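Let's take a walk through a protein model together. Have a look at the sequence and the 3D view, and then we'll go through it piece by piece.

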Amino acid sequence: MKALPIEVYVTKRRRGCDCTNGGISSKYEQLLLVCDKGYVTIDEENPPENLVKVVTRNFGFGTYKHIEPVARPQHLGWMFGGNLAYSSDSRFSELAGNPLPIHDRQETQEVYDLLTSD
């Protein structure tokens, strides 16, 4: 498997706030994006924690792309943690085009219920 290094653009961490709830974009300044044309070789048996993929979802209003870890979430699914990822490398533009939101936040069901209750 090949990957392309991409940069994390932090929106909150430098202000003393981690909206990712400990997500990978709070730990790494660079992520490795799965990319067939990438130049970093990834050991599929032991992938690094900062390995991510582009996810494309189609909704009635159009297409939504984001980046999320390849690792399975331990709690609820991945959520937007407030940070963006980008690379000026043309291979990133082919996959994503623009800077993409990083969905690397996780919450337990109890925390989710507490934060979303009326």
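A quick term before we start: pLDDT is the predictor's confidence in each residue, on a scale from 0 to 100. You need it here because this is a predicted model. Across the protein the mean pLDDT is 88, and 95% of the residues reach 70 or more. Confidence is highest in strand S2 (residues 30-34), with a mean of 96, and lowest in helix H2 (residues 109-116), with a mean of 75.

Val34 is partly exposed, at 30% relative accessible area. Together with Met1 and Val70, Val34 makes a nonpolar patch on the surface, with about 200 Å² of accessible area in total.

Is Ser26 buried or exposed? Its relative accessible area is 18%, and buried means under 20%, so Ser26 is buried. Its side chain reaches the backbone oxygen of Gly23 at 2.6 Å. Ser26 and Asp104 are 78 residues apart in sequence, yet their C-alpha atoms are 9.1 Å apart in space.

Finally, the rings: the structure holds 2 aromatic pairs. Phe59 and Phe61 are stacked, because their planes are at 5 degrees, with ring centres 5.3 Å apart. Phe59 is partly exposed at 42%, while Phe61 is exposed at 70%. Tyr86 and Phe92 pair edge-to-face, with 80 degrees between the planes and 5.4 Å from centre to centre. Here Tyr86 is partly exposed at 24%, whereas Phe92 is buried at 0%.

Technical notes. Residues numbered from 1 in each chain as written. Heavy atoms only, no water. Helix = DSSP H or I, 4+ residues; strand = E, 2+ residues; numbered from the N terminus. Patch = residues over 30% accessible without salt bridge, like charges linked within 9 Å, V, L, I, M, F, W, Y side chains within 5 Å. Areas by Shrake-Rupley, 256 points an atom, 1.4 Å probe, with all protein chains shown as cover. Salt bridge = Lys/Arg side-chain N within 4 Å of Asp/Glu carboxyl O. Buried < 20%, exposed > 50% of the residue type's maximum accessible area, 1.4 Å probe, protein only. Polar contact = N/O pair within 3.5 Å; in protein donor to acceptor, adjacent residues only side chain to side chain. Phe/Tyr/Trp six-rings, centres within 6.5 Å; stacked < 30°, edge-to-face > 60°.
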